[in-house]
Amino acid sequence: MLKKGDYIIFLSIAFLGVALLFFNFFGKQTGKTVIITEKGETVYEGSLSDDKTVTLSGNTVVIENGCAYIESANCKNQVCVNTGEISEKGETIVCTPNRVVVEVE
Amino acid sequence: MAKKISTYALLACVCLIFGYIESLVPLTAAIPGIKLGLSNSVALLLLTKRDIKGALAVNITRILLSALLFGSPFSLVFSLSGALGSMAAMLLFLKVKSVSVVGLSALGGTVHNIFQLLAAFFVLGSAVKYYLPFLILAGGISGALTGIISELILKKVKTNGKF
């Protein structure tokens, strides 16, 4: 049975989540640069408007038409490939198995 | 003692099976780490029986085994951070009378995801912070669902207050 405290917890979670969601989208703007890090080290930094294919040890990152996406990955879950294209400031693609982060700034 | 150990082992196995089934049914492709978290129902079961040591033992066993079987060293760090954070949060609210299992579970789910992201923050860098709102909301929803399931289990399973 739901009690008063439950509703307080639900509301707090919803409020926190939605507030942070607004914070995420507020001031969202098209990014300029792409930063690719692998195992904590920056391996590529370049403009989003320069078409380029960056090959890492396990992932292939493609930058074209102002978007960046991971074309292929050698891992099992393919989360990074399924993330799709990113182009807005602050958007990221993360590949946990290979510790690769693609970030638009 | 022997009975207790075998019960914990059994419960850890149940957690592993839950985890395996969940890994077969990915809920979303876009945000990593979103799942129902059915294993938490076992922790909830033990916590509501005031068996805090047992809950901790089963949880840590489950995480170590699941990392060995299906995961990587990083998934171990993520799970451990998430599980310990959510256990601590649920322990804090365990004695609050106006919070039921469902609320407890929702809280646990959210805190689990926050701590998991915190671990990812250190391993992968600050970029992962944009997942935070999604993970908070997803943790709350999946936690509440797991809580409802746990409440049903608690009603059915008669343990006479001990295992």
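1. Angles under 35 degrees count as roughly parallel, over 145 as roughly antiparallel, 65 to 115 as roughly perpendicular, and the rest as oblique. The model discussed here is predicted. In chain B, the axes of helix α1 (residues 2–24) and helix α3 (residues 52–70) cross at roughly 45°, so α1(B) and α3(B) are oblique to each other. Their axes come within 9 Å, and the crossing of α1(B) past α3(B) is right-handed.

2. The residues behind this contact can be listed for each helix. From α1(B) come B:Tyr8, B:Leu11, B:Ala12, B:Cys15, B:Leu16 and B:Tyr20. From α3(B) come B:Gly54, B:Val58, B:Thr61, B:Arg62, B:Leu65, B:Ser66, B:Leu69 and B:Phe70. Sorted by class, the contact of α1(B) with α3(B) has 10 nonpolar, three polar and one charged residues.

3. Helix α3(B) also packs with helix α2 (residues 39–48) of chain B, at an angle of about 160° and with the axes 7 Å apart. Since angles over 145 degrees count as roughly antiparallel, α2(B) is therefore roughly antiparallel to α3(B). Here too the crossing is described as right-handed, with α2(B) passing α3(B).

4. On the α2(B) side of that packing are B:Ser39, B:Val42, B:Ala43, B:Leu46 and B:Leu47. They meet B:Ile52, B:Gly54, B:Ala55, B:Val58, B:Asn59 and B:Arg62 of α3(B). The residues of the contact of α2(B) with α3(B) divide into seven nonpolar, three polar and one charged. B:Gly54, B:Val58 and B:Arg62 are listed in the contact with α1(B) and again in the contact with α2(B).

5. Chain B also meets chain A. The contact takes 29 residues from chain B and 28 residues from chain A. About 2500 Å² is buried between the two chains, 71% of it on carbon and sulfur atoms. How many salt bridges are there between chain B and chain A? The count is zero.

6. A last point concerns A:Ser87 in chain A. Where does A:Ser87 lie? Its place is in the loop between α2 (79–83) and β6 (92–95) of chain A. Leaving aside neighbours within four places in sequence, A:Ser87 is in contact with A:Thr30, A:Gly31, A:Leu48, A:Gly66, A:Cys67 and A:Val104. A:Glu64 is 23 residues from A:Ser87 along the chain, and the C-alpha atoms of the two are separated by 10 Å.

Conventions: Residues numbered from 1 in each chain as written. Chains lettered and ligands numbered in written order. Predicted model: local features only at pLDDT ≥ 70, side-chain atom pairs only at ≥ 80, totals over all residues. Heavy atoms only, no water. Axes fitted to C-alpha atoms, helices over the stretch in contact; angles between N-to-C directions. Helix = DSSP H or I, 4+ residues; strand = E, 2+ residues; numbered from the N terminus. Left-handed = near helix turned anticlockwise from the far one by under 90°. Contact = heavy atoms within 4.5 Å. Nonpolar A, V, L, I, M, F, W, Y, C, P; charged D, E, K, R; others polar. Buried area = accessible area lost by both parts, 1.4 Å probe. Salt bridge = Lys/Arg side-chain N within 4 Å of Asp/Glu carboxyl O.
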